[in-house]
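Take a look at the fold, then read on for how its parts pack together.

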Amino acid sequence: SVEKVLEKTMELVGVQLQKDHVHVTITHNTTDTSVMGNPYELQQVFLNFVSNTRYAVNKRFGNDAHAKILDIATHVTFRNKQRFLRIVFRDNGIGIPADHLDKVFNPFHTTKPVGKGTGLGLSISYGIIRDHGGELHIDSRENEYTEVSVLLPREA
């Protein structure tokens, strides 16, 4: 259950998100968020996305307690007649520069300053999602938003 994995993820980082004044909404647009997969690996992926969000919204808004947003939504979608669960993480942080978007899944590529990131989070996340038979996509506009979309095959 992706819903349960997201709940566990928020249990781990919820206090830090509250401390940073990040407003989080989670919307499940389906009653069944089941996928085949390793919940601990999926949690690692989700933790990476939330960590990146924290960095991005804090960098953009500093101490503005009303501006920081992370929206997470799940819904069922179809690709080539196969059912997938799409999990979308959308924040309103600093975004990713356009000239970096095609490199974000490369190992050791980071847009963060030295000491703030290893450049491995998205690379590892990409591998985990691929190993689950899924897809990982990122859309971003600098100083507006970043949207990370995960497609995972539904249970048979």
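A residue counts as buried when its relative accessible area is under 20%, as exposed when over 50%, and as partly exposed in between, using a 1.4 Å probe and protein chains only. Val 150 is buried by that rule, with a relative accessible area of 0%.

Some ground rules before going further. This is a predicted model, so local features need pLDDT of at least 70 and side-chain atom pairs count only at pLDDT 80 or more, while totals for chains, interfaces and linings use all residues. Residues are numbered from 1 along each chain as its sequence is written, and side-chain values use heavy atoms, with hydrogens and water left out.

**The core**

Val 150 sits in strand S5; strands (E, at least two residues) and helices (H or I, at least four) are DSSP runs, numbered from the N terminus. Contact here means heavy atoms within 4.5 Å. Leaving out residues up to four places away in sequence, Val 150 touches Phe 49, Leu 85, Arg 86, Ile 87, Ile 129, Glu 135 and Leu 136. Ile 87 is 63 residues from Val 150 in sequence, yet their C-alpha atoms are 5.1 Å apart.

Which residues have the most contacts inside the largest nonpolar core? They are Phe 46, Phe 49, Ile 87 and Phe 89, in a core of 29 residues. A nonpolar core, by the way, is a set of buried Ala, Val, Leu, Ile, Met, Phe, Trp, Tyr and Cys residues joined through side-chain atoms within 4.5 Å. At least two residues of this core come from each of H1 (2-19), H2 (39-61), S2 (69-79), S3 (82-91), H3 (121-131), S4 (135-141) and S5 (145-153). In soluble globular proteins, nonpolar side chains tend to be buried together.

**How the helices meet**

H2 packs with both H1 and H3. For the table, axes are lines fitted to C-alpha atoms, over the stretch in contact for helices, and angles run from 0 to 180 degrees between N-to-C directions. A crossing is left-handed if the near helix is turned anticlockwise from the far one by less than a right angle, and right-handed if clockwise.

| Helix pair | Axes | Angle | Crossing |
|---|---|---|---|
| H1 and H2 | within 9 Å | roughly 40 degrees | right-handed |
| H2 and H3 | 9 Å apart | about 145 degrees | left-handed |

H1 and H2 are therefore oblique to each other: angles under 35 degrees count as roughly parallel, over 145 as roughly antiparallel, 65 to 115 as roughly perpendicular and the rest as oblique. On the H1 side, the contact includes Val 5, Leu 6, Lys 8, Thr 9 and Leu 12, and on the H2 side it includes Leu 42, Gln 43, Phe 46 and Arg 54. The residues of this contact split into twelve nonpolar, three polar and two charged. In that scheme, Ala, Val, Leu, Ile, Met, Phe, Trp, Tyr, Cys and Pro are nonpolar, Asp, Glu, Lys and Arg are charged, and the others, Gly among them, are polar.

Gln 43 of H2 counts as buried at 14% relative accessibility. Gln 43 touches Val 5, Lys 8, Thr 9 and Leu 12, not counting residues up to four places away in sequence.

Turning to the other pair, H2 passes H3 in a left-handed crossing. Glu 41, Leu 42, Gln 44, Val 45, Asn 48, Phe 49 and Asn 52 of H2 meet Gly 121, Leu 122, Ile 124, Ser 125, Ile 128 and Ile 129 of H3. That makes seven nonpolar, five polar and one charged. In H3, the buried residues are Leu 122, Ser 123, Ser 125, Gly 127, Ile 128 and Ile 129, and the buried residues of H3 pack against H2, S4 and S5.

**Loops worth a look**

Most residues other than glycine have a negative phi, and most peptide bonds are trans. His 21, in the loop between H1 and S1 (23-28), has a positive phi of about 60 degrees and is partly exposed at 40% relative accessibility. Lys 81, in the loop between S2 and S3, has a positive phi near 65 degrees and counts as exposed at 85%.
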